Amino acid sequence: MTRFSMRRRKFLTATAAGVAGTTLAGCDVFDPLLRPGHPVRDAMAGANALTEAAQRLLLDDNALAREFSASEIRQGMRPNGSTDPTDIDYLIAKQNDFAFYRLEVGGLVESPASYSLEELRNMPARTQITRHDCVEGWSCIAKWTGVPLAAILDEVKPRDSARYCVFHCFDTYGGAGLYYESIDMIDARHPQTILAYGMNDAALPVRNGAPLRVRIERQLGYKMAKYIRRIELVDDFSRLYRGKGSFWADLGYDWYAGI
Ligand SMILES: Nc1nc2c(c(=O)[nH]1)N[C@H]1C(S)=C(S)[C@@H](COP(=O)(O)O)O[C@H]1N2
Ligand SMILES: [Mo]
């Protein structure tokens, strides 16, 4: 295999003892059948500091995640995490099929903007069939359609100081607070990073994140924020929530969940 996965294996061996005692709180269940050495298991095992450095060093920033053919979509996309938010702002946004929804994009940008769903649907779209890997230990192949995040960034013009894109969501998960996630500018501009409004040739359903969710195809499922209300460009995370840049990272998960 590649040099990159060899290094990750070595790192894993070194940390395996430490990892064995870690409680995994994300999603619902930890599937013990995931083999050590499986990339999803590696990501869960906290090899991500190394994974991030290694991926940034050894992989092309624009290397694509594997795409599948339509015949490989075996079932509907399994919903997970929040599946029917009852937060008041979400219920308001949901009225009339999200007719009054606007995605806000601001923070460290020269031209803050907002977009209706119709405006987003009228922008050049990308469709991709990819596999979603949840830290819980399940995967699902689905077809996603949306606007490349890079196209939105080109319009709002991030300032030089902008280092991360933060996705602020409508939903409170498990009473633990509002869901949010973030990615660096390399993942933000990756060709497969899209703001998806369509899934399996239909409008994105509420259970999978309507009206808009992000796809970040080289990372684990929890990075793929659903129910996005606002994108904020920031230079660091210290002002946000508990300062780790992600709902799950604030609870002890890795911020970088590369697979
Ligand atoms: N806003 C929000 N985004 C979220 C979650 C959530 O609870 N709220 N769960 C995450 C997790 S753990 C996974 S696996 C995927 C699930 O996406 P799906 O419901 O389309 O399967 O969404 C991610 N994004
Ligand atoms: Mo997940």
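I take helices (H or I, at least four residues) and strands (E, at least two) as DSSP runs, numbered from the N terminus. I work on a predicted model, in which local features need pLDDT of at least 70 and side-chain atom pairs count only at pLDDT 80 or more, while totals for chains, interfaces and linings use all residues. Residues are numbered from 1 along each chain as its sequence is written, chains are lettered from A and ligands numbered from 1 in the order in which they are written, and side-chain values use heavy atoms, with hydrogens and water left out.

**Entry 1. Whole chain**

I recorded eight helices and 10 strands for the chain. Of its 259 residues, 51% are buried (under 20% relative accessible area; exposed is over 50%, partly exposed in between; 1.4 Å probe, protein chains only). The chain exposes about 12,100 Å², of which carbon and sulfur atoms supply 52%; these areas come from the Shrake-Rupley method with a 1.4 Å probe, and for residues only the protein chains shown count as cover. I then took contacts (heavy atoms within 4.5 Å) with a separation of 6 or more, and found that residues 24 or more positions apart account for 70% of them.

**Entry 2. Arg207**

I located Arg207 in the loop between strand S8 (202–203) and strand S9 (213–215). Arg207 counts as partly exposed because its relative accessibility is 43%. Leaving out residues up to four places away in sequence, I list Pro79, Ser82, Thr83, Lys226 and Tyr227 as its contacts.

**Entry 3. Salt bridges**

I counted 16 salt bridges, each being a side-chain nitrogen of Lys or Arg within 4 Å of a carboxyl oxygen of Asp or Glu. Lys223 and Glu181 form one of them, at 2.7 Å from N to O. This pair links distant parts of the chain, with Lys223 in the loop between S9 and S10 and Glu181 in strand S6 (residues 178–184), 42 residues apart. Lys223 is buried at 1% relative accessibility, and Glu181 is buried at 0%.

Asp187 bridges to Arg218, with the closest N and O atoms 3.1 Å apart. Here helix H7, which holds Asp187, is linked to the loop between S9 and S10, where Arg218 lies 31 residues away. Asp187 is buried at 2%, and Arg218 counts as buried at 11%. I also noted a network of salt bridges that links Arg56, Asp184, Asp187 and Arg218.

**Entry 4. Thr193**

I placed Thr193 in the loop between helix H7 (185–188) and strand S7 (194–199). Is Thr193 buried or exposed? Thr193 is buried, since its relative accessible area is 0%. Its side chain reaches the backbone oxygen of Asp187 at 2.6 Å. Beyond four places in sequence, the residues that Thr193 touches include Val147, Pro148, Ile183 and Val214.

**Entry 5. Helix H4**

I looked up Leu91, which is in helix H4 (residues 88–98) and counts as partly exposed at 35% relative accessibility. Ile88, Leu91 and Ile92 form a nonpolar surface patch with about 280 Å² of accessible area together. For such patches, residues need over 30% relative accessible area and no salt bridge; like charges are joined within 9 Å, and nonpolar side chains (Val, Leu, Ile, Met, Phe, Trp, Tyr) within 5 Å.

**Entry 6. Strands S3 and S4**

I found strand S3 (residues 126–134) and strand S4 (residues 138–148) paired in the antiparallel sense over nine bridges; pairing requires at least two DSSP bridges. Arg131 stands opposite Ile141 in S4.

Definitions and conventions:
Polar contact = N/O pair within 3.5 Å; in protein donor to acceptor, adjacent residues only side chain to side chain.
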